[in-house]
Amino acid sequence: MRTVAALVALLLVLTGCGDDREDRFARPGAPRTSPSGKFVAHAESESEVRVTDRDGGEVFRKSYEYATSYRADGIGVVWLSTKDQLWILVPGGRMSERVEPGPDGVWTAVEAELPGEITRLG
């Protein structure tokens, strides 16, 4: 049921049916800054994500083409509102990933269940 809710929320945001005030999703040409203001999420395309520090230095990049190649719609890219934790949503409920820095400062992506805040964005 959570997967269905996440998919509905993602589809509403990607199709523009959500409230513009709540549009926190990064899109190609429309990056979004992290809650701390230290990082920026870039949706480089419908299947590629990049995170930079505020000076433009790249700290993370990943292609999700393997997960989206069979679909016409792209991934969702959104920050959690309370910390520098980026969520990547792949349409169709196939997966979601949490992207954040570890104790060593290295940014990594880990498959994870979506938090309620992200599923409620739609």
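# Close-up views of a predicted model

**View 1. The side chains of K62 and E97 form a salt bridge, with 3.0 Å from N to O.** A salt bridge here is a side-chain nitrogen of Lys or Arg within 4 Å of a carboxyl oxygen of Asp or Glu. The two partners come from distant parts of the chain, since K62 sits in strand β4 (residues 58-63) and E97 in strand β7, 35 residues apart. Helices (H or I, at least four residues) and strands (E, at least two) are DSSP runs, numbered from the N terminus. With a relative accessibility of 22%, K62 counts as partly exposed, whereas E97, at 5%, counts as buried; buried means under 20% relative accessible area, exposed over 50%, and partly exposed in between (1.4 Å probe, protein chains only). This is a predicted model, in which local features need pLDDT of at least 70 and side-chain atom pairs count only at pLDDT 80 or more, while totals for chains, interfaces and linings use all residues. Residues are numbered from 1 along each chain as its sequence is written, and side-chain values use heavy atoms, with hydrogens and water left out.

**View 2. R24 and E117 are joined by a salt bridge between their side chains, at 2.6 Å from N to O.** This pair also links distant parts of the chain, 93 residues apart: R24 belongs to the loop between α1 (2-14) and β1 (32-33), and E117 to helix α3 (residues 116-119). R24 is partly exposed, at 22% relative accessibility, while E117, at 19%, counts as buried.

**View 3. E100 and R98 meet through their side chains in a salt bridge of 2.9 Å, N to O.** R98 has a relative accessible area of 25% and is therefore partly exposed.

**View 4. The largest nonpolar core has 17 residues, of which Y64, V77, L86 and I88 touch the most other members.** A nonpolar core is a set of buried Ala, Val, Leu, Ile, Met, Phe, Trp, Tyr and Cys residues joined through side-chain atoms within 4.5 Å. Two or more residues of this core come from each of β2 (39-43), β3 (48-53), β5 (76-79), β6 (86-90) and β7 (95-101). Apart from this core lies another, of 9 residues, including V78, L80, I118 and L121.

**View 5. I88 is in contact (heavy atoms within 4.5 Å) with V49, Y64, I75, G76, V77, M95, S96, E97 and V99, leaving aside its neighbours within four places in sequence.**
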